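Let's take a friendly look at how a ligand sits in its protein. Have the sequence and the model open as you read.

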Amino acid sequence: MSKDVQAVILVGGKGTRLRPLTLSAPKPMLPTAGKPFLTHLLSRIKAAGIDDVVLGTSFQAEVFEDYYGSGESLGMNLRYVTEVEPLGTGGGIRNVLPELSAPDILVFNGDVLGGTDVGDVLTTHRESGADVTLHLVRVGDPRAFGCVPTDETGRVTAFLEKTQDPPTDQINAGTYVFRREVIEAIPAGRPVSVEREVFPELLARGRHVQGHVDQSYWRDMGTPEDFVRGSADLVRGIAPSPALGDRHGESLVQDGASVGPGAVLIGGTVVGAGASVGRRARLDGAVVFDDAVIDDGAVVERSIIGRGARIGRRALVRDTVIGDNARIGADCELLRGARVWPGVQIPDGGVRFSTDV
Ligand code: GDD
Ligand code: MG
């Protein structure tokens, strides 16, 4: 398979819904289960027998090449093409065309944690003879995604990006196979949305867009809730990643981290390298980045604790994002979608959601 297929990964988005974490790192490089998220996706592409990958970068472009270089350590051949001004998803695909020579091109949104068999999507594409094939999944609430109805043969009949009135729960899972000529026909040098422009126009012109539906694990990691869930699912082995091997359990403590006596780590918690967790702290579904400190008796639930941040004694942090190097004082309570910006210091007892202490 490897010679006649290349992969493109779109990693140029700003990751606004994950701010403030994405102020210091692009979304695909945020640590998930101890590795940059993108490493999980790359390992899945590699496991499918594809090692020629082009990254379409824009926002914080240099971070990717600094980390992965030529891809040698992954046994892959990685190249990078950077948009000076973001060109959108379609423009990003068109922009990497000079690096593409294969007849079929696999394209991945860079923020999807998935378990679909990439080889099966390619098979659907080849057997149907489609111009483009889209991986589709079913979700509870399709409104945040591209809604994609199909006919009885699996052929796509419409593409409705983020509609308030979705006709089906079947959505675009963010993995595509393009015939190379379709990419050649995308206008160059200006922003183009594959979802709002390329797919609807292909359909309007009667071109063959095929759906490949399956029931594989699937999650877009673009919001704090999904990021926390996806990370926990990786730690627990619910979401597959060839990059993790068989190291699954209720928690993952990275080398060089310390955990004090009586601390409880459950729900797919991950503790980053150099981080420390104090005595009797309770971490449930916590994503603790490198060098962060959770003090004695603190409780962290379904939250992301940025690099070098500190959570004071007995503090409660639930469904919250704490920016890098922020300091949350003792006995604070931060709940329900709170976001603390990097470096901010909240004094002891300075934020509470109740009056009972
Ligand atoms: N190179 C480049 N340039 N990449 C970009 C750009 C750009 O201008 N804009 C976005 N991207 C990348 C993002 O980094 C991300 O990996 C991917 O394209 C999708 O962008 P998101 O911003 O995450 O889109 P979304 O989650 O709202 O919606 C998309 O994904 C859903 C599935 O996860 C759409 O494709 C939906 O139709 C789809 O259902
Ligand atoms: Mg997304």
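The notes below cover the ligand site and one annotated region.

## How to read the model

This is a predicted model, where local features need pLDDT of at least 70, side-chain atom pairs count only at pLDDT 80 or more, and totals for chains, interfaces and linings use all residues. Residues are numbered from 1 along each chain as its sequence is written, chains are lettered from A and ligands numbered from 1 in the order written, and side-chain values use heavy atoms, without hydrogens and water.

## Around ligand 1

Of the 26 residues around ligand 1, the nearest are E161, K162, N172, E195 and D220; a residue counts as near if one of its heavy atoms lies within 4 Å. By class, this shell holds nine nonpolar, nine polar and eight charged residues, with Asp, Glu, Lys and Arg as charged, Ala, Val, Leu, Ile, Met, Phe, Trp, Tyr, Cys and Pro as nonpolar, and the others, Gly among them, as polar.

## Polar contacts and burial

Polar contacts here are pairs of N or O atoms within 3.5 Å. A backbone N or O atom of N172 is 2.7 Å from an oxygen atom of ligand 1, and a polar backbone atom of G13 is 2.8 Å from a ligand oxygen. For Y176, a side-chain N or O atom lies 3.5 Å from an oxygen atom of ligand 1. Taken alone, ligand 1 exposes 740 Å², and the protein buries 90% of that (Shrake-Rupley method, 1.4 Å probe).

## The annotated region

UniProt, in an unreviewed entry, places "domain: Nucleotidyl transferase" at residues 7-234; such annotations may be inferred rather than shown by experiment. Over residues 7-234, the chain is 30% helix and 25% strand, counted as DSSP runs (H or I, at least four residues, for helices; E, at least two, for strands). The end C-alpha atoms of residues 7-234 are 23 Å apart.

How values were computed
Polar contact = N/O pair within 3.5 Å; in protein donor to acceptor, adjacent residues only side chain to side chain.
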